[in-house]
Amino acid sequence: MFFLFLFILIPSYFSSHQAEAKGKPVYIVPIENTVEDGLYAFLSRALDKAEKDHASLVIFEINTPGGLVDSAGKIAKILGNTPLKTVAYVNNRALSAGAYIALNADQIYMVPSAVMGAAAVIDSAGNTAGKKAQSYWLAAMKTAAEQNGRNPLYAQAMADENVDLPEFGAGKGKLLTFTSSQAEKAGYSEGTVSGKNELYEKLDITAADVRPIDENVGDKLARFITNPVVVPILLTIALLGIVIELFTPGFGIPGIIGTISIVLFFYGHLVAGMAGYESIGLFAAGIVLVLLELFVPGGVIGAFGLAAIVGSLFLAAESAVAMAISLLIALAVSVIAAILFVKVFGKEMKFFKKIILTDSTNTEQGYVSSPDRSDLLGQTGMTLTDLRPAGTVLIHEERVDVVTEGGYISKNSAVRVVKTEGSRIVVREI
């Protein structure tokens, strides 16, 4: 009777367990290329979807050379806050920030050829970061290892070349990079798997509903645009477009390309979650103020407009320092281009010719400020009034207002015109 009970109970238990596994999906999320805020935004949306669908497990398939420390910190935070079980599946490499992300997962599995480590903090110039940043990063790596029961010494060796671990090929002066076998030996990996099928078997999810969450075109475009290398290029193209438009009549291809560049900049940062609509609104307000400056003299409105434009870029930026460097690069290239247009190609700014009055009303072009009476020079006439020294003279039946050279000439005296200066006619008594 007891064996009959087990015969009935055990199959029913496994069938219910498999039904539960099938009922709750398992999500596979890729972590590829450079770690930046675009990746953070994508992973955040992926985890939200997994939580809403009550997923039983989220597998992060990692293949990244690393990236930005701030972005890795944000990703680690959402991994730590999710109630879902997480697994880092290192399919090729998890270096630098990628290693930090992997350490924040509940479990780590690696393929035989995979590596993980080399997590030194590098600044935007490619140099080792300052002591403050290094101290923060070492503490973060240590905490990530400890919270999942891993020896923090190895995590510190990944970020600090002063930690001496010659048995893992990381003596002093070298950063630790685990192979799959080394990671398993050190307890940093739960196992080495040949591929996803073996991983599913080890995780006991072969019967589960496995769903991949891939980046769409918008996500990929946003990640590309927010790359620290691409941002200064976009801003440079935008400024160059403006500079070229200033030297060419009308609004042409350079202006269109510049406009597209700045639209892409805000689109990428908006999708990546770095920029909000307030930054776009501030940029638009700045453009309006700059255009108003063309019609309202004073310069104050234009200054506020430029400040709003620059402020909107910083508001959308991931890092104020990175944005400042990007703007300096874009400004330097644009100034050099403007100098080349003027000095080398002899161009003039067509735009300012339309808003600045450059015409002059000089005599050579036929403009006079008063009637020219040079036709009276040498003519004679009779004074109709006393000239004291101004008065009236009749010349060829025309009454003409004249002045003397300074002396007095009485009425009914004969005079000759000796000088004309516009409307000033000078006479002398004959």
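Is arginine 424 buried, exposed or partly exposed? Arginine 424 is partly exposed, with a relative accessible area of 39%; buried stands for under 20% relative accessible area, exposed for over 50% and partly exposed for values in between, computed with a 1.4 Å probe on protein chains only. The model is predicted, so local features require pLDDT of at least 70 and side-chain atom pairs count only at pLDDT 80 or more, while totals for chains, interfaces and linings use all residues. Residues are numbered from 1 along each chain as its sequence is written, and side-chain values rest on heavy atoms, with hydrogens and water left out.

Nine salt bridges are found in a search of the whole structure, a salt bridge being a side-chain nitrogen of Lys or Arg within 4 Å of a carboxyl oxygen of Asp or Glu. One of them joins arginine 424 to glutamate 421, with the closest N and O atoms 3.0 Å apart. Glutamate 421 is partly exposed, at a relative accessible area of 43%. Arginine 428 forms a salt bridge with glutamate 405, where the closest N and O atoms are 2.8 Å apart. This pair links distant parts of the chain, 23 residues apart: arginine 428 is in strand β13 (residues 424–429) and glutamate 405 in the loop between β11 (398–404) and β12 (414–421). Helices (H or I, at least four residues) and strands (E, at least two) are DSSP runs numbered from the N terminus. Arginine 428 has 44% relative accessibility and counts as partly exposed.

A further salt bridge connects aspartate 37 with lysine 74, the closest N and O atoms being 3.0 Å apart. Aspartate 37 belongs to helix α2 (residues 37–52) and lysine 74 to helix α3 (residues 69–81), so the pair ties together parts that are 37 residues apart in sequence. Aspartate 37 is buried at 2% relative accessibility, whereas lysine 74 is partly exposed at 35%. Lysine 74 also lies over the face of tyrosine 40, 5.7 Å from the ring centre; the criterion is NZ of Lys or CZ of Arg within 6 Å of the ring centre and within 35 degrees of the ring normal. Elsewhere, a network of salt bridges links Lys49, Asp53, Asp209 and Arg211.

Rings of Phe, Tyr and Trp (its six-membered ring) pair if their centres lie within 6.5 Å, and planes under 30 degrees apart count as stacked, over 60 as edge-to-face and the rest as tilted. Phenylalanine 168 and phenylalanine 178 form an edge-to-face pair, 5.3 Å centre to centre with 80° between the planes. Both phenylalanine 168 and phenylalanine 178 are buried. Tyr154, Phe168, Phe178 and Tyr188 form one aromatic cluster.
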